[in-house]
Amino acid sequence: MVPFLRFSILLGCINTRISANLDNWDNPEGWDAQEDPRWDDCGWHAGDDDDHESKNEKENDKESDNNPGGFHKYRHLWVQCDVCYGLNYKPLFNSKMYICECCEYHVEMNSSDRIDLLIDPDTWVPMDEDMVSLVIEWDFEEKKEPFKLDLSEWEAELKKVYIELELRIQLKKEKEKADQDRLDLEEEEKISSEEKEKTDQDRLDSEKQDLLYSEEDDQTYLDLLDLEEEEKISSEEKEKTDQDLLDSEKDEQTYQDRLDLEEEEKISSEEKEKTYLDLLDLEEEEKISSEEKKKTDQDLLDSEKDEQTYQDRLDLEEEEKISSEEKEKTDQDRLDSEEDDQTYQERLNSNQSEIGLPEAIQTGIGELNGLPLALGVLDFQFIAGTMGSAVGEKITRLIEYATREFLPLIIVCASGGARIHEGSFSLMQMGKIACALYNYQLDAKRFYISILASPTTGGVTASFGMLGKVVIAEPEATIAFAGKRVIEQTLNIEVPEGVQQTEFLFTQGAFDLILPRFYLKRILHLIYLLINYTLSFA
């Protein structure tokens, strides 16, 4: 009764135009399921969209022919990073797991690429693509040997991961050490230049002091000359007095001329000494003036250099702040980028034709390094990965199938939350999925892993996104219930930077692991090997 009621509500609320007998699927563009090679008895194959993509590429090439610059002709070959805005070559981007080559940011992946990342080739079997319960039979008639864990293989694999992590940490430490050495070298050069300037200043002060001492010596010498001159004059006067006493009869005019001549010689010597002192003072003033001018020029150059360095630092801080704001704004804009001039049915049809998926999730069965499991992957490109009735029903059926067949379960979340277009019916999916997970984890005692990609918000975060036995998040992912802009506009408060990022939430205990895509498949394999090994002794 419950499955029938659930399916009736599904058909009544979203009107997906999927007929019960799967004869065809109405489409405004005249699409026919019987003539499309991507549709068979198992449903819609989202990965077989080569014809559809080639058609879009032809249309883009046709449009680019009319464009004189020809930019749009090559636009489909590149993927732009949301953080550093660097361009990555699209044909090789999938092999690099959609990790930016410039800043190592984990760029958004579609659901098909994530399935290729996690599932072994040629083992993926999709489920419920047409929203009709399709029984997928596994051949269990052949009796298989019980599972045996090879601990040596497990330890070798774990050791490889540990060695790679150690290597990355060592490279990071070497880079930090090189940066520190560079800063120390700059500091030493700065100190050396200051010491050199101080030495030059001391030398100038010493020269100035020596000059002052030389002036004092010159003054002392002049005083000694004056004293000798006075003694000489005194002796001459004494001799003159004696001579006058002896030769009082000599001509007074001759005596007066001699006195005048001696006076003139004395005045001439004094003027010569004064001229020499004036010359020394002039040289001292010129030397002091040149030193002050040189110091003024140096201070001006240092001031201009300090102002330029300070301005460059301010510009760098401003660019980093703008970059972080643009990153958060980009994540929020992706959540609010839906076109308001379309109806819900038109939006569904446009997303189905553009993306090639009937809904925002792909579910199915596959193998991860030989281990069978059930996998669900939300696709953010389809109406922001929002959870409607169809998405909730597909996840519930996937969980119920995994419960019956005792399969491990992984769900990759990248969603804007419950789909607002379906109202209360979309919110009902939260409780329905939670009940199915309760039966899966507690009654069947199976192991569920949740992987949170960027962005994961709203009803997905509040339901199955956080209910895993192990919750794994990608680096630098935006994970929240309400977005930053919604909180600020509703509560009129400022949300601090980075509080909705993976690294901050991990410190608060929001989830168990931060795992880059390089190690995702290997670590998941090791976790399930350990769980199977534990259950074998239970």
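In total, 14 salt bridges were counted in the predicted structure. One of them joins the side chains of Glu186 and Arg182, with an N to O distance of 3.5 Å. Both residues lie in helix α5, which spans residues 151-246, and because they are four residues apart, they are separated by about one helical turn. Glu186 is partly exposed, its relative accessible area being 41%, and Arg182 is likewise partly exposed at 44%.

A second salt bridge is formed by the side chains of Arg419 and Glu359, at 3.2 Å from N to O. This pair connects distant parts of the chain, the two residues being 60 residues apart. Arg419 is located in the loop between β8 (409-415) and α9 (424-443), whereas Glu359 is located in the loop between α7 (344-355) and β6 (361-368). Arg419 and Glu359 are both buried.

Glu393 and Lys432 also meet through their side chains in a salt bridge, with an N to O distance of 3.1 Å. Here, too, distant parts of the chain are linked: Glu393 belongs to helix α8 (residues 389-405) and Lys432 to helix α9, 39 residues apart. Both Glu393 and Lys432 are buried. These two residues take part in a network of salt bridges that also includes Asp128 and Arg397.

Leu87 is part of strand β4, which covers residues 87-89. Leu87 has a relative accessible area of 52% and is therefore classed as exposed, the cut-off for this class being over 50%.

Conventions
Residues numbered from 1 in each chain as written. Predicted model: local features only at pLDDT ≥ 70, side-chain atom pairs only at ≥ 80, totals over all residues. Heavy atoms only, no water. Buried < 20%, exposed > 50% of the residue type's maximum accessible area, 1.4 Å probe, protein only. Salt bridge = Lys/Arg side-chain N within 4 Å of Asp/Glu carboxyl O.
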